[in-house]
Amino acid sequence: MAAQRPSQLFRNLNAKIASIPMILTAVVVFLGGTLWTVVYSFTDSKLLPRLRFVGLDQYERLWSSNRWLVSIENLAIYGILSLVFSLVIGFVLAALLDQKIRFEDTFRTIFLYPFALSFIVTGLVWQWLLNPDLGIASVIRGLGWTSFTFDPLYNADIVIYGILIAGLWQGTGLVMCLMLAGLRGIDEDIWKAARVDGIPMWKTYLFIVIPMMRPVFITTLVLITAGIVKLYDLVVAQTGGGPGIASEVPAKYVYDMMFLAQNLGQGFAASTMMLLTVAIILIPWAYLEFGGKRRG
Amino acid sequence: MTYRSLAAALAASAVLPLSAAHATDLEVTHWWTSGGEAAAVAELAKAFDATGNHWVDGAIAGSGSTARPIMISRITGGDPMAATQFNHGRQAEELVEAGYMRDLTDLATAEKWADVVAAPALLDSCTLDGKIYCVPVNIHSWQWLWLSNKAFEDAGIPVPANWEELVAAAPKLREAGKIPLAVGGEPWQQNGVFNVLMNALGGKDLTLKVYDEKDAEVAAGPEVAKIFQALAQAREMSQGGNVKSWNEATNLVITDRAGGQIMGDWAQGEFQVAGEVAGTDYTCLPGLGETELISADGDAFYFPLLKDEEKSKAQEVLASTMFNPEVQVAFNLKKGSLPIRKDVDLDAANDCMKKGLAILAAGNTIKSTDSMLSPDTTTQTNTLFTEFFADPSITPEAAQARFAEIIANAD
């Protein structure tokens with residue numbers, strides 16, 4: 001008389017059917033593509049993929065290549081600095097805007113505007129700005145300080161910082177907006193309570209507000225990190241990897257190997273290494289974030 | 001009345017597509033975008049349009065290294081164009097092996113290409129397993145030194161007659177505020193400078209031993225060490241240039257801000273567009289004035305296999321047009337390159353082109369580096385030389401050791 005309990009599989013059937021396309025995309029395109037790449041990174045594929053396995057040869061060549069090592073080093077410098085600076089600058093700007101200032105909308109628009117530009121445009125703009133013959137350096141020299149030199153894009157030692165400047169200019173606006181949204185989400189009463197207790201403002205920000213903004217910080221962190229790993233177009237537009245190989249980055253190595261050198265195997269090996277690096281950082285973090293506090 | 005006009009309109013609309021079918025649109029991709037190059041490619045388009053077909057121009061800006069990946073991914077991705085430029089040699093080797101390209105052997109035999117081609121190496125590099133897969137359209141040689149006469153006049157010294165003299169003149173040029181040697185910041189240009197120094201200072205045998213036989217011992221030996229010393233001098237002479245593309249570097253020579261540039265004969269098109277005259281405004285030294293040797297590099301067009309019958313026929317028409325003697329003359333005069341046929345005369349050729357033709361006629365040619373090294377190896381040497389040019393702390397000895405290793409591992 002009592003109806004049989006419907007099987008677990010058919011619960012919420014509509015939702016499950018609706019998500020089939022996305023599941024297929026994830027499994028076939030993302031997972032399938034990744035596995036395919038990893039498998040072919042052990043072959044000697046040239047212009048076209050072919051299954052002739054050569055063991056770890058591609059990885060040995062990769063790690064003995066000076067250009068790859070320079071790429072990794074550049075990504076590390078750019079990554080760490082851009083993470084720190086965009087969070088700090090973004091948060092400070094947001095905190096300043098949060099002081100109920102006049103023309104807040106105008107400032108917000110100005111700060112966010114660079115984000116509307118693509119990395120290619122950003123790269124070109126900053127290539128001109130940092131060009132010693134027509135950019136900032138020449139303006140300052142024109143003002144009378146004739147010995148002034150500032151040409152990061154033509155100096156192999158500091159070129160990565162030239163790229164960092166452009167990256168920060170483009171990206172901090174978004175971070176600021178996210179932080180501002182986070183700050184607005186903090187209850188007014190918290191501020192009142194802090195003021196009643198006589199806690200100075202900077203302490204309130206540092207020890208009360210920031211810990212409360214944890215979800216916003218995590219979202220921001222994911223966005224910035226994704227931007228760092230795929231850094232490519234900014235470098236291509238600004239320096240083309242030069243001077244020499246001083247501003248090469250891993251994503252550019254992968255592209256150049258796959259399409260210029262017609263050496264797919266080497267490109268796949270490099271992209272597998274990129275995936276591995278991301279996985280090493282991401283998996284422990286995801287485990288701590290989502291695995292540790294599973295509540296019944 | 002209305003019926004009749006309606007019928008006429010219908011008939012007209014039915015006839016139109018039929019007649020239009022004869023004029024087939026073919027998309028041709030290439031990376032010829034600088035002033036002289038664009039003028040030359042317009043000649044090819046004009047000649048093809050005259051056959052009743054239509055040339056759809058697919059120029060891709062940003063030199064071959066930007067264009068080739070786009071072309072290759074279109075072909076392998078199932079969206080092939082009707083014809084595409086490559087430097088013949090090993091760039092399209094795998095595409096041909098995988099069966100993406102049309103076999104042009106029948107057309108070549110019918111038109112007796114082998115009898116009229118200027119250097120046999122040209123068709124050889126289009127041939128794989130006895131079948132011809134591309135139409136060479138011009139001969140370009142890398143081994144040229146372009147000098148600005150005015151720059152040397154300003155420095156108060158005579159125009160050098162060879163590489164040694166240019167090196168000796170460098171301090172005087174610096175004093176006069178000129179850059180002795182303009183070298184663009186792109187890897188392929190810096191690699192080109194090395195290859196030309198090797199051709200000119202080392203000679204044909206050394207080049208073949210290193211690049212063709214891939215003899216790593218020779219590459220690490222004393223003869224190649226001399227080339228690296230010369231390259232270090234070139235690095236020194238190029239300091240302060242800060243230009244990226246080759247035509248910007250050529251422009252430094254045209255505007256007399258630089259003494260000279262080592263660049264292929266395609267640079268000549270730029271001098272022509274700027275209205276300069278060979279001999280009075282600028283001087284050209286084939287083989288850097290050291291060894292009269294030019295390579296049979298060049299551009300060729302490949303025709304991807306298409307399913308469309310009409311287009312396939314039009315592809316043959318296009319291939320035949322490109323090989324046509326008159327088209328060859330018109331195209332190469334604008335391009336500043338040498339024609340691939342020996343049965344055409346270039347009365348309109350200027351001094352520099354005549355020098356090149358004479359060397360070609362004497363048979364002093366060498367295989368192009370592109371046909372000896374795979375793109376993979378070329379990318380590695382590109383990286384090495386761009387590092388070398390950007391970083392004065394790399395010694396010639398250290399660079400040579402790395403070069404020998406690349407040659408040892410080359411395929």
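How many helices and strands are there in chain A? Chain A has 13 helices and zero strands, where helices (H or I, at least four residues) and strands (E, at least two) are DSSP runs, numbered from the N terminus. Read from the N terminus on, the elements of chain A run α-α-α-α-α-α-α-α-α-α-α-α-α.

Before going further, please note that this is a predicted model, in which local features need pLDDT of at least 70, side-chain atom pairs count only at pLDDT 80 or more, and totals for chains, interfaces and linings use all residues. Residues are numbered from 1 along each chain as its sequence is written, while chains are lettered from A and ligands numbered from 1 in the order in which they are written.

## Chain A

Along the principal axes, the C-alpha atoms of chain A fill a box of roughly 75 × 65 × 30 Å. The radius of gyration of chain A is 25 Å, whereas a compact globule of 296 residues would have one near 19 Å. This radius is taken over C-alpha atoms, and the globule rule is 2.2 Å times the number of residues to the power 0.38.

Of the 296 residues in chain A, 31% are buried. A residue counts as buried if 20 or more other C-beta atoms lie within 10 Å of its own, as exposed if 12 or fewer do, and as partly exposed in between, with C-beta atoms placed from the backbone. Two residues are in contact if their C-beta atoms, placed from the backbone, lie within 7 Å. Among the contacts in chain A with a separation of 6 or more, 68% join residues 24 or more positions apart.

Chain A is divided into domain 1 (1-40) and domain 2 (58-291), with bounds that come from an automatic or database domain assignment. The C-alpha centres of these two domains of chain A lie 36 Å apart. Their contact takes four residues from domain 1 of chain A and six residues from domain 2 of chain A.

## Where the chains meet

The contact between the chains takes 18 residues from chain A and 19 residues from chain B. On the side of chain A that touches chain B, helix α12 (residues 250-260) of chain A gives the most, with three residues. By class, that side of chain A has ten nonpolar, five polar and three charged residues. Here Ala, Val, Leu, Ile, Met, Phe, Trp, Tyr, Cys and Pro count as nonpolar, Asp, Glu, Lys and Arg as charged, and the others, Gly among them, as polar.

## Chain B

Chain B is divided into domain 1 (25-140 + 297-355) and domain 2 (144-295 + 373-409). The centres of these domains of chain B, taken over C-alpha atoms, are 28 Å apart. In chain B, 17 residues of domain 1 are in contact with 17 residues of domain 2.

Now for the sheets of chain B. Strands of a sheet pair through backbone hydrogen bonds, either parallel or antiparallel. Two strands count as paired if DSSP finds at least two bridges between them.

| Strand order (chain B) | Form and pairing |
|---|---|
| β2-β1-β3-β12-β6 | five strands, open sheet, mixed |
| β8-β9-β7-β10 | four strands, open sheet, mixed |

In the five-stranded sheet, β2 (54-59) and β6 (134-136) of chain B stand at the edges, each with a single partner strand, so one side of each has no neighbour in the sheet. Strand β1 (residues 25-30) of chain B pairs with β2(B) in the parallel sense over six bridges. B:Glu27 has B:Val56 as its bridge partner in β2(B). Across β1 and β2 of chain B lies α2(B), running at about 155 degrees to β2(B). Axes are lines fitted to C-alpha atoms, for helices over the stretch in contact, and angles run from 0 to 180 degrees between N-to-C directions.

In the four-stranded sheet, the edge strands are β8 (179-181) and β10 (282-286) of chain B. Strand β7 (residues 144-148) of chain B and strand β9 (residues 258-262) of chain B pair in the antiparallel sense over three bridges. B:Leu147 stands opposite B:Gly260 in β9(B). Helix α9 (residues 163-175) of chain B lies across β7, β8 and β9 of chain B.

Why is helix α13 (residues 246-254) of chain B largely enclosed by the rest of the structure? Seven of its nine residues are buried, so the rest of the structure largely encloses α13(B). Its buried residues include B:Trp246 and B:Leu252. Among the elements of chain B that cover the buried residues of α13(B) are β7, β8 and α10 (187-212). After α13(B) comes B:Asp256, whose phi is positive, near 65 degrees.
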